[in-house]
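Here is a friendly tour of a place where two protein chains meet. Take a look at the structure first, and then we will walk through it together.

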Protein chains: 2
Amino acid sequence: MAAAAGVSKSLVSLVLQGSAQVGEARRRAVLDAVADLGYRPTRPAQVAPALRSRTVGVVLNDLRNPWFVDLLEGLTTALDGGGSTPLLSDSLTMQRVGRSSVRALVDCGVDGLVVVGTTSEEAAVLAVAADLPVVLAGTTEPRLPLGDVVVNDDVAGARSATEHLIELGHRRLAHLRGPGDIGALRLQGFREAVDHGGLTAGHRVDAGGRTEESGYAGARRLLTGSPRPTAILAFNDIAAVGAMSAAADLGIAVPEELSVVGYDDTSLAQIRHLSLTSVDNGNFAVGAQAGRFLVERIADPSLPARRFIVPTRLVVRGTTASPRT
Amino acid sequence: MAAAAGVSKSLVSLVLQGSAQVGEARRRAVLDAVADLGYRPTRPAQVAPALRSRTVGVVLNDLRNPWFVDLLEGLTTALDGGGSTPLLSDSLTMQRVGRSSVRALVDCGVDGLVVVGTTSEEAAVLAVAADLPVVLAGTTEPRLPLGDVVVNDDVAGARSATEHLIELGHRRLAHLRGPGDIGALRLQGFREAVDHGGLTAGHRVDAGGRTEESGYAGARRLLTGSPRPTAILAFNDIAAVGAMSAAADLGIAVPEELSVVGYDDTSLAQIRHLSLTSVDNGNFAVGAQAGRFLVERIADPSLPARRFIVPTRLVVRGTTASPRT
């Protein structure tokens, strides 16, 4: 397998241990090779129903960003319908003490795992997926030979948000892109709308990350550049809130001088004082479908990998308006 | 026991099942009687170390309010130091499908339970506390014969926040009070500062709850009354953000025409765009101490009940200023 990835055995070992010493490109090459070759399971043994724990592990990625709450409600509802109970663990909190949420949940004897959102534990997920039913919700990574994926339509969601800005009259649009596959899909949606609107020359893209800090820093770079964009689509709500703070610090009024759009329609976007235009990613439906998939996969671990895409809906609030002429 | 509480057996039964049909006062009477008389455990059996699961259940109260994140980090660190792993469950999410987080965690075989914040599962906590080590973190309820309590100094925290407002020159102060024991303690701190400042006649108190919605509604009542307060101390950050939204909707500028103070110093308060003055409740320390208590109590369930109080610190940000003269 190391040969297939064109890398050394020790690099594979480092990546599978989740080492921070390995750069993104090499890490990605190894994980793709693992998915293609290394860990493809023989058909997993079905656990007899009487021996199941009736619990399911849920791996969260960051409790500070409340984007996952509706997803978790949908998931809990579907799991309950299937006679299972979710147990939660947060990767960020566990990794601060050098532990893995995936391992903690697996050691606990869960019947299956739901990975919620872009995870920092890709290698651990890949390793357990050979022996345990896994469903990804709100993320497409890591690629699993026998895992189901439930995501919202990120391309369409980002495209509709960008079209909203173009319809308002914006001509200098910017995107604060996020990490991973989901970041690439939302960027693609933004680009499709920009190209379709004939605004290819005028748009800008900068790294916005998925935290308030990174959104603030990215927006600051965009807003101090020239020409200044009149509208920003951020990767998610919390980065969009960072962008709003950057605008406030620079004396740029939202929405009069700058429109800002988030993504995920979290409780943060819905706070009246923020009133952030955002893309509702249908997270309750994402979670509910992920729960149904996992219940089915626990009953029959040899099911082929499935993918389900939930439609999105733009929610227009107070942070978007026509640009000043 | 029903006789001791002055209520019927069927009422006790309803309360212990967590029925929503029972009013607050009667529920409280029953739970107090349960704590005093009914469920006082004989010295719980110590589980042999080899038979322990090395997992601890953590009962969260509402994932939408990120106040507990630092507490969870402190808790995870201390549990890890004691060789235990936290498993999380959220009461609000579980109760939406008619389930109990407490039961789910106990059924999973955890060695002990940490109840984080004011819980909606008091009866279930009381019921399991007879057989399982329990520690309360950030809440004093329900009263447990053999459970430890770790809280911040709510009286001192609310008093220091109120003194800050008085020092800024505010004379018409209002408090949006929250539920339960913690609500009563923060109200006491507010009242002590108001009385000490000779402002007893000018202050007002209204129910503010612990959500954005309830904070919004409470602040709206205060701000449309006469005379209008120039400063509001809310029960927590998210209710304070609701109060900021109410002010914005009424065209009242924060902090020029209204100062607002939250409590908990959550990630919400720290968002630059909100920049909310708040009380840092030392939550990392609260969580760490709760973890240490639980590790000790699992080793020796007969330890007497202990209480640990963590000092608070006022964090002044952009929502407080001197009133317009």
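How many salt bridges are there between chain A and chain B? The count is 10, where a salt bridge is a side-chain nitrogen of Lys or Arg within 4 Å of a carboxyl oxygen of Asp or Glu. This is a predicted model, in which local features need pLDDT of at least 70 and side-chain atom pairs count only at pLDDT 80 or more, while totals for chains, interfaces and linings use all residues. Residues are numbered from 1 along each chain as its sequence is written, chains are lettered from A in the order in which they are written, and side-chain values use heavy atoms, leaving out hydrogens and water.

**Where the chains meet**
- In contact (heavy atoms within 4.5 Å) are 42 residues of chain A and 42 residues of chain B.
- Together the chains bury about 3,700 Å², 62% of it on carbon and sulfur atoms; this is the accessible area (1.4 Å probe) that two parts lose on being put together, summed over both.
- R64(A), R272(A) and H273(A) supply 19% of the area that chain A buries against chain B, more than any other three residues.

**A salt bridge to find**
- R64(B) and E73(A) join their side chains in a salt bridge, at 3.5 Å from N to O.

**A residue inside chain B**
- F293(B) is buried, at 6% relative accessible area (buried means under 20%, with a 1.4 Å probe and protein chains only).
- Beyond its neighbours within four places in sequence, F293(B) is in contact with residues including V135(B), D148(B) and F308(B).

Conventions:
Buried means under 20% relative accessible area, exposed over 50%, partly exposed in between (1.4 Å probe, protein chains only).
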